[in-house]
Amino acid sequence: MTLSADMDDFRKVRSERMRPLLALRAFRRLIRNKEDTAQVFEIMRALSGRSVSRGYKRMLRTVEGGRQAFLREELAHKLDDPAWLGQFAPGSVGAAYRAFREARGFTADGLAEAEREVIPFVDAPHPVVWYSRRLRDVHDIWHVLTGYETDALGEACVVAFSYGQTANLGFAFIGWGAAREIQREVHSIPARKAVLQAWRNGRAARWLPGLDYEALFAEPLEAARRRLKIGPADVYHAVPAEVRSGLRLRA
């Protein structure tokens, strides 16, 4: 993507101004349709503030993170390559991720297309924008690492975990807002408690955005969780799967 002349100032391309009302309107649309992924990106655009640029700077302060920033590989390209994904042995992170996406029909490019609807410059050749793409592309990998599924409560928990990792208020807004709606729908589900645990797990874990994901995919899943200090999602898993799958957030 070539930036036009009126977008030469990066501050105009990626505004760091908070827009809570825009986020609230997008969240209401998301509640009406959990599959409307574009609303997630609307919320993230409205509430990310300086967290993305700060995250990129943090990446540069680590040896592996700096190496990844220097290489600037696009994770989405690898994640959508069947030959690359097919190399990982059973029991590995890569095999678990492969099974996760095959069971759901997900693709990394599908998520990217949803973001392009909202953020037209998302493919810009800029290091901070590249880092934001990386955060987008690791979302489903973090589902696998944390053990949260793609039901409404699982999504609320994985974004709360992401808030613990990134301090991005967009994640906090989605996670806590979804937990509130779930709790209103079914009082017996400990949605707030599950989301709070997920946030704490995100804070306690090693910092994940700067990892070498190719090397990580070759690791046994349980060993990787221990190495990365990712705590168990026992509050979430205490809710029966059939109850979680039946959740329908109120319109």
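Is Pro 209 buried or exposed?

1. Pro 209 counts as buried, because its relative accessibility is 0%; buried means under 20% relative accessible area, exposed over 50%, and partly exposed in between, with a 1.4 Å probe and protein chains only. This residue lies in the loop between α14 (191-204) and α15 (213-218). Helices are DSSP runs of H or I with at least four residues, numbered from the N terminus.

2. The model is predicted: local features need pLDDT of at least 70, side-chain atom pairs count only at pLDDT 80 or more, and totals for chains, interfaces and linings use all residues. Residues are numbered from 1 along each chain as its sequence is written, and side-chain values use heavy atoms, with hydrogens and water left out.

3. Leaving aside residues up to four places away in sequence, Pro 209 touches Met 59, Tyr 131, Arg 134, Leu 135, Trp 142 and Gln 165. Contact here means heavy atoms within 4.5 Å. Between the C-alpha atoms of Pro 209 and Met 44, which are 165 residues apart along the chain, the separation is 17 Å.

4. Met 44 belongs to the set Val 40, Ile 43, Met 44 and Leu 47 in α3, which meets Leu 169, Gly 170, Phe 171, Phe 173 and Ile 174 in α13. The residues of this contact divide into eight nonpolar, one polar and no charged. In this scheme Ala, Val, Leu, Ile, Met, Phe, Trp, Tyr, Cys and Pro count as nonpolar, Asp, Glu, Lys and Arg as charged, and the others, Gly among them, as polar.

5. The axes of α3 (residues 37-47) and α13 come within 7 Å and cross at roughly 130°. Axes are lines fitted to C-alpha atoms, for helices over the stretch in contact, and angles run from 0 to 180 degrees between N-to-C directions. The two helices, α3 and α13, are therefore oblique to each other: angles under 35 degrees count as roughly parallel, over 145 as roughly antiparallel, 65 to 115 as roughly perpendicular, and the rest as oblique.

6. Asn 168 is placed in the loop between α12 (152-166) and α13 (169-185). With 3% relative accessibility, Asn 168 is buried. Its side chain is joined to that of Ser 48 by a polar contact of 3.0 Å. A polar contact is a pair of N or O atoms within 3.5 Å; within protein, one must be able to donate a hydrogen and the other to accept it, and residues adjacent in sequence count only if both atoms are side-chain atoms.
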